[in-house]
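Here are some friendly notes to read alongside the model. Take the points in order, and keep the 3D view open as you go.

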Amino acid sequence: MAAKKTLNISRKTADRIVSEVVERAKQINASPYPKFMHFVEKIAVFGSYLTDKEKLGDVDIAVKLKRRKEDKHPDPLHDAYECIRLHNKRVPDFFQAVSFPETIVKQTLRNKSKALSIHQYYELEEMVEEWDTEHKVIYQK
């Protein structure tokens, strides 16, 4: 496997990325179901972004999602396939279809930024518990 290339982004760029992620989370939460089947419940930033360094490798965020309780159809997969259709995407198999509603939220938050590293919120919680990892909540629904 090839080594991941280290980025070198400015503090100004990192601040813009963080601001845009928060705005996209608000847009996701305001979007109708089933276009987005999950709310963005919480976002925290951690890692080098919380230092005073002017150049950063990337921006690490932890995201906590919560499934919306708005299923419109008795078959839970029906809404997942409707979500896929609304995003005009194709998925090759059942497993990707099942995970698509969460995946599209993360892809939307990322917005193709190579400088953004998205983690599950439970990963940050484990790092806080084990190593007292510094973090800052930047968005909470």
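1. **The overall plan.** The chain has four helices and six strands. Here helices (H or I, at least four residues) and strands (E, at least two) are DSSP runs, numbered from the N terminus. Along the sequence, their order is β-α-β-β-β-α-α-β-α-β. Please remember that this is a predicted model, in which local features need pLDDT of at least 70 and side-chain atom pairs count only at pLDDT 80 or more, while totals for chains, interfaces and linings use all residues. Residues are numbered from 1 along each chain as its sequence is written, and side-chain values use heavy atoms, with hydrogens and water left out.

2. **Dimensions and surface.** The C-alpha trace spans about 50 × 30 × 30 Å along its principal axes. The accessible surface of the chain is about 9100 Å², and 50% of that belongs to carbon and sulfur atoms. Such areas come from the Shrake-Rupley method with a 1.4 Å probe; for residues, only the protein chains shown count as cover. Of the 141 residues in the chain, 39% are buried. Buried means under 20% relative accessible area, exposed means over 50%, and partly exposed is in between (1.4 Å probe, protein chains only).

3. **Contacts along the chain.** Take the contacts (heavy atoms within 4.5 Å) between residues at least 6 apart in sequence: 70% of them join residues at least 24 apart.

4. **One side of helix H2.** Which residues of helix H2 are buried? In this helix, residues 76–86, they are Asp79, Ala80, Cys83 and Ile84. These residues lie on the same side of H2, because they cover an arc of only 145 degrees around the axis; the arc is that of the directions from the helix axis to the C-beta atoms. The buried residues of H2 pack against helix H3 (94–110). Just after H2, asparagine 88 has a positive phi of about 55 degrees.

5. Arginine 85 and glutamate 82 form a salt bridge, with their closest N and O atoms 2.5 Å apart. The term stands for a side-chain nitrogen of Lys or Arg within 4 Å of a carboxyl oxygen of Asp or Glu. The two are three residues apart in helix H2, so about one helical turn separates them. As a general point, an α-helix has 3.6 residues a turn, so residues three or four places apart point the same way. Arginine 85 is exposed, at 52% relative accessible area, whereas glutamate 82 is partly exposed at 24%.

6. **Other salt bridges.** How many salt bridges does a search of the whole structure find? The search finds five. In one of them, glutamate 20 meets arginine 16 at 3.2 Å, N to O; both lie in helix H1 (residues 11–30), four residues apart. Arg16, Glu20 and Arg24 are linked in a network of salt bridges. Glutamate 41 and lysine 64 also meet in a salt bridge, at 3.6 Å, N to O. This pair links distant parts of the chain, with glutamate 41 in strand S2 and lysine 64 in strand S4 (residues 59–67), 23 residues apart.

7. **A buried lysine.** Lysine 42 is in strand S2 (residues 38–46). Lysine 42 is buried yet has no salt bridge, and the nearest side chain of opposite charge, glutamate 125, is 5.6 Å away. For charge, Lys and Arg count as positive and Asp and Glu as negative; His and the chain ends are not counted. Not counting residues up to four places away in sequence, lysine 42 touches Ala62, Val63, Lys64, Tyr121, Val137, Tyr139 and Gln140.

8. **A nonpolar patch.** Tyr81, Phe94, Phe95 and Val98 form a nonpolar patch on the surface, with about 440 Å² of accessible area together. Patches are made of residues with over 30% relative accessible area and no salt bridge: like charges are joined within 9 Å, nonpolar side chains (Val, Leu, Ile, Met, Phe, Trp, Tyr) within 5 Å. H3 supplies the largest share of this patch, three residues. Valine 98 is found in helix H3 and is partly exposed, with a relative accessible area of 43%.

9. **A residue in a loop.** Is alanine 115 buried or exposed? Alanine 115 is buried, with a relative accessible area of 8%, and lies in the loop between H3 and strand S5 (116–120). Leaving aside neighbours within four places in sequence, alanine 115 is in contact with Leu7, Ile9, Ile17, Asp58 and Val59.
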